[in-house]
Amino acid sequence: ARKIIIDCDPGIDDALALALAHGSPDLEVLGITTVGGNVDLARTTDNALRLREFLGFGDVPVTAGSAGALLRARVDAADVHGGSGLGDALLPPATLPPAAGHAVDFIVETLRADPGEVTLVAIGPLTNVALAVLREPRIVGWARGLTILGGSYTRGNFSPAAEFNIAADPEAAAIVFGAGWTVTMIGLDVSRAAMATEAVAARMAAMGRLGADLLIPCVRFYGMITADGGPAIHDACAVAHLIDPSLITLEPAVVDVETAGRFTSGMTVTDFDLRGRAPNALVGTSLDVGRFWDLLLAVYARVAES
Ligand code: BDR
Ligand code: CA
């Protein structure tokens with residue numbers, strides 16, 4: 001199984017991504033790190049702890065990280081994810097505490113211990129990843145890869161130009177894209193297609209406690225199942241890509257993060273025309289939606305039965 005660290009801000013779609021990662025036999029989750037994002041760090045960490053116990057992640061460490069952006073005031077997305085961050089899902093309080101230490105140290109030390117083997121998956125603002133790069137630039141070579149859910153080369157969701165995870169900490173994203181590795185950027189261009197239908201919801205509703213207590217209250221609150229399309233479960237796309245790379249088409253590009261624009265701060269300026277330059281990103285350009293949902297529902301059914 002491919003070893004991963006998930007850096008996240010649960011978050012409804014983060015929760016569904018964690019369930020996918022936990023349930024897939026193709027992935028081994030070495031740790032979950034949290035960042036302030038959709039809601040504040042105390043809530044994203046508490047949600048990660050609740051999800052770990054509800055999903056049965058056992059002893060996978062949950063380590064708290066950065067509360068806010070490197071240089072900017074914190075923004076959130078509580079309007080989309082609810083005040084708790086998990087919509088209408090009321091998971092039991094966690095009985096186990098977070099791990100000691102800071103997420104940045106966990107990321108650096110886990111990559112150092114197993115060079116070439118561990119993929120970092122970042123599905124929140126990139127603050128922790130940027131700080132890890134600054135603290136120990138060699139992680140760029142140690143990581144097997146970095147896959148993010150973030151960015152867009154078409155339209156944004158935080159602003160017309162910017163996607164939320166990048167807009168929440170553009171300076172961090174600029175550090176991450178400039179670090180020297182090839183970032184796999186799964187952005188809104190792909191993830192917007194990851195919307196459920198009523199048929200998908202019906203399958204989820206038949207999944208016992210997983211469906212009744214997590215999946216359904218999340219997707220219904222999130223307004224994902226609508227005729228014209230509400231928010232999609234973006235974050236699950238990044239995890240699905242690692243389970244089955246054939247689901248998402250990737251194209252090499254040079255991506256620069258706008259940090260100064262009056263109207264475009266947080267934009268991922270994506271140039272597919274390399275003109276002899278080395279790409280710093282592989283950018284998702286299409287999603288096989290049918291097979292994406294086949295994968296998710298198969299893995300969720302597995303989690304529900306366990
Ligand atoms: C991203 O923003 C957050 O609200 C979601 O959890 C996802 O990571 C989508 O733009
Ligand atoms: Ca997220």
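The shell around ligand 1 holds five nonpolar, six polar and four charged residues. Here Ala, Val, Leu, Ile, Met, Phe, Trp, Tyr, Cys and Pro count as nonpolar, Asp, Glu, Lys and Arg as charged, and the others, Gly among them, as polar. This is a predicted model: local features need pLDDT of at least 70, side-chain atom pairs count only at pLDDT 80 or more, and totals for chains, interfaces and linings use all residues. Residues are numbered from 1 along each chain as its sequence is written, while chains are lettered from A and ligands numbered from 1 in the order in which they are written.

**Around the ligand**

In total, 15 residues surround ligand 1. A residue is near a molecule if its C-beta atom, placed from the backbone, lies within 6 Å of it. The closest are Gly-11, Asp-13, Ala-77, Phe-164 and His-234. Helices (H or I, at least four residues) and strands (E, at least two) are DSSP runs, numbered from the N terminus.

Gly-11 sits in the loop between β1 and α1.

**A covered helix**

Is helix α5 (residues 127-135) mostly covered or mostly open? Mostly covered: seven of its nine residues are buried. Buried means that 20 or more other C-beta atoms lie within 10 Å of a residue's own; exposed means 12 or fewer, and partly exposed is in between, with C-beta atoms placed from the backbone. The buried residues of α5 include Thr-127, Asn-128 and Val-129. They pack against several elements, among them β1 (2-8), β2 (27-34) and α4 (103-113).

**A helix pair**

Two packed helices are described by the angle between their axes and the distance between the axes. Helices α10 (residues 198-205) and α11 (residues 208-222) pack at about 160 degrees, with axes 9 Å apart. Axes are lines fitted to C-alpha atoms, for helices over the stretch in contact, and angles run from 0 to 180 degrees between N-to-C directions. The pair is therefore roughly antiparallel, a term for angles over 145 degrees. Ala-201, Met-204 and Ala-205 of α10 meet Gly-211, Leu-215, Ile-216 and Val-219 of α11. Contact means C-beta atoms, placed from the backbone, within 7 Å. Six of these contact residues are nonpolar, one is polar and none is charged.

Arg-275 has a positive phi of about 45 degrees, although it is not a glycine. Arg-275 lies in the loop between β8 (268-271) and β9 (281-287). Arg-275 counts as exposed because it has 6 C-beta neighbours inside 10 Å.

Terms used: Angles under 35 degrees count as roughly parallel, over 145 as roughly antiparallel, 65 to 115 as roughly perpendicular and the rest as oblique. Two residues are in contact if their C-beta atoms, placed from the backbone, lie within 7 Å.
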